[in-house]
Amino acid sequence: MKVLVAVKRVVDYNVKIRVKADGTGVDTSNVKFSMNPFDEIAVEEAVRLKEAGKATEIVAVSLGPTACQETLRTALAMGADRAILVETAQDIQPLAVAKALRALADREAPGLIILGKQAIDDDSNQTGQMLAALLGWPQGTFASNLALDDTAATVTREVDGGLETVKLALPAVITTDLRLNEPRYASLPNIMKAKKKPLDVLSPADLGVDVAPRLVTLKVEEPPRRKAGIKVGSVADLVGRLKNEAKVI
Amino acid sequence: MTSLVIAENDGQTLKAATLHAVTAALQLGGEVHLLVAGQNARPAAEAAARIAGVNKVRLADDALYAHGLAEPLSKLITEIAADYTAILAPASTFGKNLLPRVAALLDVAQLSEITAVISADSFVRPIYAGNAMATVQSQDRIKVITVRGTAFEAAKTDGGQASIETLSAAGGGGNSSFLDQQLSKSERPELTAARVIVSGGRGMGSGDNFKLIDAVADKLGAAVGASRAAVDAGFVPNDLQVGQTGKIVAPELYVAVGISGAIQHLAGMKDSKVIVAINKDEEAPIFQVADYGLVADLFQVLPELASELSK
């Protein structure tokens, strides 16, 4: 079975982001970019499926500028077999990404598509669900465990009150939550090998997909800042203040 | 204009998160309808009809909707979507799983976790784990929106007299089925609905030491939470996690114990009304957002706090 994995290039999770002074967005010049952490988990899961003999080929896909090739090389170094970049300089939103992925799924006919549950830049948490809808496939979102047989995926999902297990007929879309696995670091030999793996570049037009944004960002601001309060000297002082000053207990 | 709120329910009752989504829908103006889809869900529909401000409840009572699976539910919603200018749901795992699927079937964008309604087509939502707030405008004919519960008051659960209309099931699904669930059992209030939360972090040292947190939480009638570090260390299960990758909370009182205050944790609790931080590291970032900070060893403070609260 072929597995498609979607990866996004995002501002590294360790970067403290800055809102641009003119309120048009977040300053992404001269900051470190990495693969979205939830997508690393998606790649890792695909590689484990291949190691377990359940997947035959892993195709990593990304959408965005030329620099996304680095993100795809990371996926290849982790164990993906080949990569496809749908290159565009435009700001692409989840629905457009889902449409491009659907077009690729039509070409590649994977048995499973794995994505991160959300990207840590726009925090949308939409693309996997949208892709499943467009393909008419079932979805297993926020997965913390995945078991596959020939015809179905059994997915344990992280839901608000605990865990839920669903069974999905294949082909299906899975989105990853944090506890699904711990992604590996690519070894140096694998990083070298990844440079020789095939990486195709397409345009949205090649796929017949309109990637024009549907949502317009009017402005981006800093969140209201909380002021630091006071230090208290003792537990009795704390309880007294919570009772009499803050009146919350 | 008319808005449809998807009610999160278990047939018998509505989940509290639904009430916050209703408030956001009321702010859009126009009529507000509620969709209650579930199995034997008449009691939930009756509760929905009593919510202040709701004009109509549409009840789809069928085994297909017993477990809130997105595949059949999205089909049902898209069949009635033409009646609405906005479709809203709580930004719970239920709503987040469902609404993007609905939006894609309608070929419209989705707006995730809005925290404010600016106008009928413009909304504020957090990006970059809440480190920036974006005001976005939708250009679609139907706005499909998940609502962050902590940003909107709960609608009143009485005073409404909406009519209940029955919908027939729309079919669909069949390629997914519910097997089982393992819900955490607790006498305590739910994290996202609690008035007081006591959370522990990596500083707790072990899962066993969370007993000290439990003792304080018992005195306060509080929910117990944890930082991602405490979850990653295996001290407590993931459903206790407060933060960008866990639950977003905004209680009256949030007590952070042995939590350093990583950005990802702050994103989940910084809208709390009063924040107390207990940490032995004076430099911990959590003190920068705390109203009351106590620099001390939590293993001494927690038992003392429990006994002080008994007085």
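Author: A salt bridge is counted when a side-chain nitrogen of Lys or Arg lies within 4 Å of a carboxyl oxygen of Asp or Glu. In this predicted model, B:Glu113 and B:Lys96 form such a pair, with an N to O distance of 3.0 Å. In chain A, A:Lys2, A:Glu57, A:Arg82 and A:Glu108 are joined into one network by salt bridges that share partners.

Another pair consists of A:Arg157 and A:Glu164, whose side chains meet in a salt bridge at 2.8 Å, N to O. A:Arg157 has a relative accessibility of 5% and therefore counts as buried, and A:Glu164, with a relative accessible area of 9%, is buried too, because the term applies under 20%.

A:Lys8 and A:Asp122 also form a salt bridge, their closest N and O atoms lying 3.3 Å apart. Here, too, distant parts of the chain are linked: A:Lys8 lies in the loop between β1 (2-6) and β2 (9-11) of chain A, while A:Asp122 lies in the loop between β6 (112-116) and α4 (127-135), 114 residues apart. A:Lys8 is partly exposed, at a relative accessible area of 26%, and A:Asp122, at 21% relative accessibility, is likewise partly exposed. Over all chains, a search of the whole structure finds 33 salt bridges.

Methods:
Residues numbered from 1 in each chain as written. Chains lettered and ligands numbered in written order. Predicted model: local features only at pLDDT ≥ 70, side-chain atom pairs only at ≥ 80, totals over all residues. Heavy atoms only, no water. Helix = DSSP H or I, 4+ residues; strand = E, 2+ residues; numbered from the N terminus. Buried < 20%, exposed > 50% of the residue type's maximum accessible area, 1.4 Å probe, protein only.
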